Amino acid sequence: MTPPAVTPVATATAAGAWLADAAAVLARVAATQAEGIETASRWCAEAIAADGLVHLFGTGHSRIPVEEMFPRYGSYPGFNPIVELSMTFHTQVVGSNGQRQAMFIERMPGLAETILSNYRFGPQDVMIVFSAGGLTAVPVEMARGARARGLSVIAVTSVAQSMSAEPDPEAGQRLLDVADLVLDLCSPSADATVQIPGLESPVGPLSTVGAVAIVNAIKSRTAELLVGLGAMPPVITRASVVGTERSRELFDEAYREHARRLARAIDQTGGG
């Protein structure tokens, strides 16, 4: 039996609409966030050059930019990814480790302080907190707790999304209210934007596009600044670029350097 014909125009229209919206988000990030990205990059470069760490934290799908920053090809030590599986393990959806539990846990007051208590932060360290909405307790308290420990805090959030609703009572404030620097994802309040006739809800979220663009812009500019300071760590690089042996060497060097820096951060003998 011949399958029913697909209407390519409708599919292409929805796909094209999302691509156009994504391009618009990137254009807004480039036009409006350049100064903030420069400031964030300088803070990151200063921290890494001073033998410190830039800590990265996100819950939910905001785990994605955390992992985009380090470790992956084209990345380097100095960035410390902090994610909790209980709030970021979404592929199981229902049942044990399901999405309902993750969303519940993200609203638990006091959990951020428990996470922070695992680390010994240095005076040069920086914290970047990712949350598109920036309205729930854990990311807000993570930023608040980091600032209380003397870290400069960068919030990467959607201003439109955050301002479209009130913060959860457990949070008390928006993430953008408790950070030293705010970088706007430039995604709309609904996040998804593609409207399809006959479908009630929009599809095609955009916040991850802005988040990944921002972190890679920061990563690139920070590297440029570190090279200028003579303090550039090894970069994880594909074998197709530098050869198999050198690629393996760079991986090992990067992991050793990350382990060295992290050993200080998780050393509990000096307090938190």
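Which residue in E3 does His 55 stand opposite? His 55 stands opposite Met 127 in E3. A word on the basis of this tour: this is a predicted model, in which local features need pLDDT of at least 70 and side-chain atom pairs count only at pLDDT 80 or more, while totals for chains, interfaces and linings use all residues. Residues are numbered from 1 along each chain as its sequence is written, and side-chain values use heavy atoms, with hydrogens and water left out.

- Strand E1 covers residues 54–58; helices (H or I, at least four residues) and strands (E, at least two) are DSSP runs, numbered from the N terminus.
- Five of the five residues in E1 are buried, where buried means under 20% relative accessible area, exposed means over 50%, and partly exposed lies in between (1.4 Å probe, protein chains only).
- In a regular strand, side chains alternate between the two faces of the sheet.
- In E1, Val 54, Leu 56 and Gly 58 are buried on one side, and His 55 and Phe 57 are buried on the other.
- E1 runs parallel to strand E2 (residues 79–82), with four bridges joining them; strands count as paired if DSSP finds at least two bridges between them.
- Phe 57 has Ile 82 of E2 opposite it.
- Between E1 and E2 the chain passes through helix H3 (residues 63–69), making a right-handed β-α-β crossover; right-handed means that, with the strands pointing away from the viewer, the path from the first strand over the helix to the second runs clockwise.
- E1 also pairs in the parallel sense with strand E3 (residues 126–130), over five bridges.

**Two residues of helix H8**

- Ser 162 sits in helix H8 (residues 159–163) and counts as buried because its relative accessibility is 1%.
- Leaving aside neighbours within four places in sequence, the contacts of Ser 162 (heavy atoms within 4.5 Å) include Ala 132, Gly 133, Arg 174 and Leu 176.
- Not counting residues up to four places away in sequence, Gln 161 touches Ala 132, Gly 133, Pro 188, Ser 189 and Asp 191.
- Gln 161 and Val 93 are 68 residues apart in sequence, and their C-alpha atoms are 24 Å apart in space.

**A residue in a loop**

- Val 203 lies in the loop between strand E5 (181–184) and helix H9 (207–229).
- Val 203 counts as partly exposed because its relative accessibility is 36%.
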